[in-house]
Each structure stands twice: as structure tokens, then as C-alpha cells.
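Work through the exercises below with the sequence and the structure at hand. Each task is followed by a solution in steps.

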Amino acid sequence: MTTDAGWGFKWNVDRRIAPVHRLDLRAEPGGWPELEAQRAEVDAHFARRAADNPHLWNGPILLLRDYAFADGVLSGGFRHTDFAAFTFWRDEGWRDLGMVNAFALAAIEGADGGFILGVMGPTTASAGRTYFPGGTPDPSDITADGRVDLHASMLRELEEETGLLPSDIARDDGFTGLFDGPRVALLGRLVFDAPADALAARIRAFLAREEQPELSDVAVVHSEADITPQMAPFAVDYMRARWAERG
């Protein structure tokens, strides 16, 4: 399940980007007490959203309660909540309520250096918005020892949304973190042997076979000229950083 990462928040915080060498993330009890106190409002809000889009599903998700980032290590604890609470928080302007939306995205890169982003389909909560495949983690990303595996979350979403398999990846160069107020986006650099346009054709063929795909299309980005207003700012920042590295 992909949730809307959103990019209309009002926190006055500068985005920053840094390599992430290791993740030390765990599941912890406690839920989201600040939002549970508003559960009646949350449920009413989600009912209105679901009336407009019956495909929305109020499933369980994980949000980061507290985190630290030092020496390339991101650590912290995830707590359980649900998509209704997340949607209310997002639509109310990302108020500071003790949580951070931390998620992993597959930054698909072709052999020619082109990037592939997904255009969210009309049945999703973020229709028309464009960003790398991925989404907010859920309880299936918790390992037997209580860790939250965002790398596995990224690979699962990659396959579900695009049909690309982990075995198709030629090189996995790890995560780059974009720290953006109430959001921590972890962009996993996944390089494939095929050029970006060939990968896009393969993904479009997969989407055509799906009964209800999450993506309506993909966007191929080779340069600044291909960037559109629908693309998430953190995805654009990541691509610009990669172009800068290439010189």
C-alpha cells in the first residue's frame, strides 16, 4: 500500500540531504496518543475522503516517533497508527504532533543515468502526483526481532508498483536521506542494466496487465527539462544532487 507522502506541509524547516550508511530502526509500543485524542474527528474526516474515493482503505501503518541522525546512522522507534490518522494529519497541515513520516523509495536509475518516477493512479490518495516508487511502512515491515526493515519495504513496493524484481537490480548503492520537517525520505539508489526508456516500456507493459495498478504511468527524467510541478520536491532534490555528483 502506498500512502501519500505529501509535500504541502507548513513547517518552516530547510530540507537537507545526506548519505545514510546504516539504519537502526525498531518497532515500539505506545501508538499515537496526540491523534487518538481526536479519533472522532479523524474518523469523520476519513469517511468524507472515502466517500469521494471508495478505493481508499484504512489500513495499519508505521510512523516514526523519535529519531536521531549522526555519523550517517539513522536510529529511532516506529509506532503503529492507521491511514485515517495519517490522512487527517496530512490534510490538517502536518502539525507537530510528535510523529515523523519516514519512508523508503526506490530511486530507479537506468544504465544511461535516466531516472524513472511513478505517476500515482486515480484510485490512490495522491492521484497525479509523481515520485519514486515506495511508501509509508506498515506492520509487514517489522522483522522477527522487532526491527523495521525499510530496505525490504522499498523492494516490496518496487515490485508491487512497477513489476521490477530485486534480481533485476544491477547495483544497490544504499540510501540517501532527505530530512524535510515532518518527513524523512530515504531514497535508495537502484541502478539497472537497461536504459531508462527501456525500463519505462517494461513498467508500462506491467501496468497494462494489472487490473487496478497503483500507477497510471511513469515519467522518465534525463535532465532539468523533464521536471514537472507534479514531482515531489524531495525527488527533485535527489536527482539534482545526483547530477551534481556526475559533474
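**Exercise 1.** Decide whether Asp82 is buried, partly exposed or exposed, and find its contacts beyond its neighbours within four places in sequence.

Solution. The model is a predicted one.
- Step 1: Asp82 belongs to strand S4.
- Step 2: Buried means under 20% relative accessible area. Asp82 has a relative accessibility of 15%, so Asp82 counts as buried.
- Step 3: With neighbours within four places in sequence set aside, Asp82 touches Arg39, Asn58, Gly59, Pro60 and Ile61.
- Step 4: Leu63 is 19 residues from Asp82 in sequence, and the two C-alpha atoms are 9.3 Å apart.

**Exercise 2.** Classify Ala47 by its accessibility, and give the distance from its C-alpha atom to that of Asn58.

Solution. 
- Step 1: Ala47 is part of helix H2.

**Exercise 3.** Describe how helix H3 is placed in the structure: how many of its residues are buried, and what do they pack against?

Solution. 
- Step 1: H3 has nine residues, and eight of them are buried, so the helix is largely enclosed by the rest of the structure.
- Step 2: The buried ones are Phe83, Ala84, Ala85, Phe86, Thr87, Phe88, Trp89 and Arg90.
- Step 3: These buried residues pack against helix H1 (33-36), H2, S3, S4 and S5.
- Step 4: After H3 comes Gly93, with a positive phi near 100°.

**Exercise 4.** Describe the aromatic pair of Phe46 and Phe83, then the pair of Phe69 and Phe179.

Solution. 
- Step 1: A pair of aromatic rings is described by the distance of the centres and the angle of the planes. The structure holds 14 aromatic pairs.
- Step 2: The rings of Phe46 and Phe83 are 6.1 Å apart centre to centre, with 75° between the planes, and the pair is edge-to-face.
- Step 3: Phe46 is in helix H2 (residues 39-52) and Phe83 in helix H3 (residues 83-91), so the pair links parts of the chain 37 residues apart.- Step 4: Phe46 is buried at 9% relative accessibility, and Phe83 is buried with a relative accessible area of 4%.
- Step 4: The ring centres of Phe69 and Phe179 are 4.7 Å apart and the planes stand at 35°, so this pair is tilted.
- Step 5: Phe69 is in strand S3 (residues 60-70) and Phe179 in strand S9 (residues 169-180), so the pair ties together parts 110 residues apart in sequence. Phe179 is buried, its relative accessible area being 3%.
- Step 6: One aromatic cluster is formed by Trp32, Phe46, Phe83, Phe86, Trp89 and Trp94.

**Exercise 5.** Which residues of the largest nonpolar core touch the most other members?

Solution. 
- Step 1: This core has 55 residues, and Ile116, Phe132 and Met239 touch the most other members.
- Step 2: Strand S5 (residues 101-109) supplies the largest share of the core, seven residues.
- Step 3: Beyond neighbours within four places in sequence, Phe132 has contacts that include Leu105, Ile108, Ile116, Leu187, Tyr238 and Met239.
- Step 4: Another core, of 17 residues, lies apart from the largest one, and its members include Trp32, Leu56, Leu63 and Ala84.

**Exercise 6.** At what angle do helices H4 and H5 cross, and which residues meet?

Solution. 
- Step 1: The axes of H4 (residues 150-162) and H5 (residues 196-209) come within 8 Å and cross at roughly 70°.
- Step 2: Angles of 65 to 115 degrees count as roughly perpendicular. H4 is therefore roughly perpendicular to H5.
- Step 3: Glu159, Glu160, Glu161 and Thr162 of H4 meet Ile203, Phe206 and Leu207 of H5.
- Step 4: By type, the residues of this contact are three nonpolar, one polar and three charged.

Definitions and conventions:
Residues are numbered from 1 along each chain as its sequence is written. This is a predicted model: local features need pLDDT of at least 70, side-chain atom pairs count only at pLDDT 80 or more; totals for chains, interfaces and linings use all residues. Side-chain values use heavy atoms; hydrogens and water are left out. A nonpolar core is a set of buried Ala, Val, Leu, Ile, Met, Phe, Trp, Tyr and Cys residues joined through side-chain atoms within 4.5 Å. Buried means under 20% relative accessible area, exposed over 50%, partly exposed in between (1.4 Å probe, protein chains only). Helices (H or I, at least four residues) and strands (E, at least two) are DSSP runs, numbered from the N terminus. Contact means heavy atoms within 4.5 Å. Axes are lines fitted to C-alpha atoms, for helices over the stretch in contact, and angles run from 0 to 180 degrees between N-to-C directions. Angles under 35 degrees count as roughly parallel, over 145 as roughly antiparallel, 65 to 115 as roughly perpendicular and the rest as oblique. Ala, Val, Leu, Ile, Met, Phe, Trp, Tyr, Cys and Pro count as nonpolar, Asp, Glu, Lys and Arg as charged, and the others, Gly among them, as polar. Rings of Phe, Tyr and Trp (its six-membered ring) pair if their centres lie within 6.5 Å; planes under 30 degrees apart count as stacked, over 60 as edge-to-face and the rest as tilted.
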